[in-house]
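Here is a report on one predicted model.

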Amino acid sequence: MILEKRIVIDLNDHDASWLIPWKQEAPDGYVGEYQSTILMAEGPHREYSVTDSIMCAKRPEQTADEASAFSHAHRNGFETFFVDSGWMYLYVDGRKCKVVPGDIIQLQPYQQHGMAFMEDVKYRGFFHDLNSLDFAEIAQHLKDKMPEAAADPEFQKVRAEVGGMDMIMRERPVYKEVPTEEVRAVKNPDRPYASYEFPGCTVGVITTRWENAGVNEMICARLKKGAVVSWNPYPRERELYYVRHGLVEFTVYGEKHIAKEGCIVNIPRFAPHSLKVLEDSEIYDMGGKPQWFAFLQDYEAIRTYDPQRLEKPETLTDLRKKFGVEVSGIKYEG
C-alpha cells in the first residue's frame, strides 16, 4: 500500500519524497525557488499539507530590501516554515529581522510578509486553511502538458477569477529593523511560549491554538536517548511529526521505521504505534490535534497544588481524555 510506504518520508531524498516538483523561474533563467509537495492537504481545514523547498539566494546585484519587493498576504491560510539551513531576512508587520537555522516562521491570514534569502535556504512548510498550493500544483501540471497554455494571459485571468492563489500583493514594505526576539512571527524552540520538564523529556509550546484559529497547536519535544513513548492502542486522530534532529525508531502497525533528521513521520488514524529515541532528538507534533498546552497547564497545576491526586490512576486518565491526549506513557531508560 502507498500509505504504508510513506510512514516515514525522508526530505533529504528528493527523488523519493518530492511528489510534484516545481520551480519558480524568471524569463532570464534565474530560479528563485525549487519546491515540491510532500503531502496533500485534506479535510475542511486543508490540514496535513507539507512542502519542501530550496529558496534560492537573491540575485547578487540586489540588496536585501530590493529582494523583499514580493510582499504579499493571504486572506485565508496559516503557514509554518522551518528554516533548516541558510539565512534570510523576514519583513513582517513593518519589521525586518534576521532568520537563521533553528528558527520557525509562523504566518497568519492578512499578515503582510516578504522575504530576502541571503543564501540558499532549506525551507520546510506546513499549512492549514490555505488553498494556493492546490492551484500551484494544477498550474504545474498544465505547464508540463501544455506550456503554451500556462503562459497564456487568458489562463492567468481565469485563475484570478476563481481565486486561485488567494494572494493580495502589497507594496514594498516600510520597516524598522529589530532583534529577531521582538518579532512574534518568528518562533524558536529555545524561546518557547511555555516549557515543561519530565524525566528524559522537555516539552515546549511553540505555537498556540489561538494563533491557529483553534485548528491545532505546535509542540516541540526534546527527548533524551533511551526515552520510550507509548500511545493508546487505536488513536482517534491522524498524527504528523517532524524529526528536526536526532534518530528515532517508530513502531507502527508492529513494524519498525527509522526516522532521522529531516524526516516526516505520517501516522494514519487508528494505527497502533510507539517510539524509542536512539539519539537525543527534537521532534515536533505538526498534526497538533491534542490540546497539549491545556493538558500540560492542568497537569502542572495538579503537580504543584495537589500532588497526591497524581497517585490516583484515574487523574491522568481523565486529564488525557479531557484534552484529547492519546500518549499513554513516557519512560526514560537512559
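## Aromatic pairs

The count comes to 17 aromatic pairs. Rings of Phe, Tyr and Trp (its six-membered ring) pair if their centres lie within 6.5 Å; planes under 30 degrees apart are stacked, over 60 edge-to-face, and the rest tilted. One of the pairs joins Phe82 and Phe126, which sit edge-to-face at 5.5 Å centre to centre with 70° between the planes. Helices (H or I, at least four residues) and strands (E, at least two) are DSSP runs, numbered from the N terminus. Both Phe82 and Phe126 are buried. Here buried means under 20% relative accessible area, exposed over 50%, and partly exposed in between (1.4 Å probe, protein chains only).

Phe295 and Tyr299 give a stacked pair, because their ring centres are 6.2 Å apart and their planes meet at 20°. The two residues are 4 apart in helix H7 (residues 292–305), so about one helical turn separates Phe295 from Tyr299. Phe295 counts as buried at 7% relative accessibility. Tyr299 is buried too, at 14%. Elsewhere, Phe81, Phe117, Tyr123 and Phe127 form one aromatic cluster.

## Basis of the model

The model is predicted: local features need pLDDT of at least 70, side-chain atom pairs count only at pLDDT 80 or more, and totals for chains, interfaces and linings use all residues. Residues are numbered from 1 along each chain as its sequence is written, and side-chain values use heavy atoms, with hydrogens and water left out.

## Charges over rings

Lys96 lies over the face of Tyr89, at 4.3 Å from the ring centre. The charged end of Arg238 sits over the ring of Tyr48, 4.4 Å from its centre. The rule asks for NZ of Lys or CZ of Arg within 6 Å of the ring centre and within 35 degrees of the ring normal.

Arg238 belongs to the loop between strand E18 (227–231) and strand E19 (239–252). Arg238 is buried, with 13% relative accessibility. Its side chain has a polar contact of 2.4 Å with the side chain of Glu42. Another polar contact, of 3.0 Å, runs from the Arg238 side chain to that of Asn266. A polar contact is a pair of N or O atoms within 3.5 Å; within protein, one must be able to donate a hydrogen and the other to accept it, and residues adjacent in sequence count only if both atoms are side-chain atoms.

## Largest cavity

A search of the whole structure finds 3 cavities of 30 Å³ or more. The largest cavity has a volume of about 180 Å³. Of its 19 lining residues, Thr80, Phe126, His128, Asn216 and Met286 are the closest to the centre. Strand E4 (49–55), strand E6 (78–85) and strand E11 (121–128) are the elements that give two or more residues to this lining. E11 gives the most, with 3 residues. The lining divides into 8 nonpolar, 8 polar and 3 charged residues.

On a 1 Å grid over the protein atoms alone, a cavity is a set of points where a 1.4 Å probe fits but cannot get out; a pocket is an open set with protein on both sides within 12 Å along at least five of seven lines, and lining residues have an atom within 4 Å of a point. Grid points are joined across faces, edges and corners, and a volume is the space filled by probe spheres set on the points. Ala, Val, Leu, Ile, Met, Phe, Trp, Tyr, Cys and Pro count as nonpolar, Asp, Glu, Lys and Arg as charged, and the others, Gly among them, as polar.

## Second largest pocket

The second largest pocket has a volume of about 650 Å³. It is lined by 36 residues, and Val229, Trp292, Val325, Val327 and Ile330 lie nearest its centre. Elements that each supply at least two lining residues include E18, E19, H7 and helix H8 (313–323). By class, this lining has 24 nonpolar, 5 polar and 7 charged residues.

## Backbone details

Asp93 is not a glycine, yet has a positive phi of about 55°. Asp93 is in the loop between strand E7 (88–92) and strand E8 (95–99). Ala213 also has a positive phi of about 55°. Ala213 is found in the loop between E16 and E17 and is exposed, with a relative accessible area of 55%.
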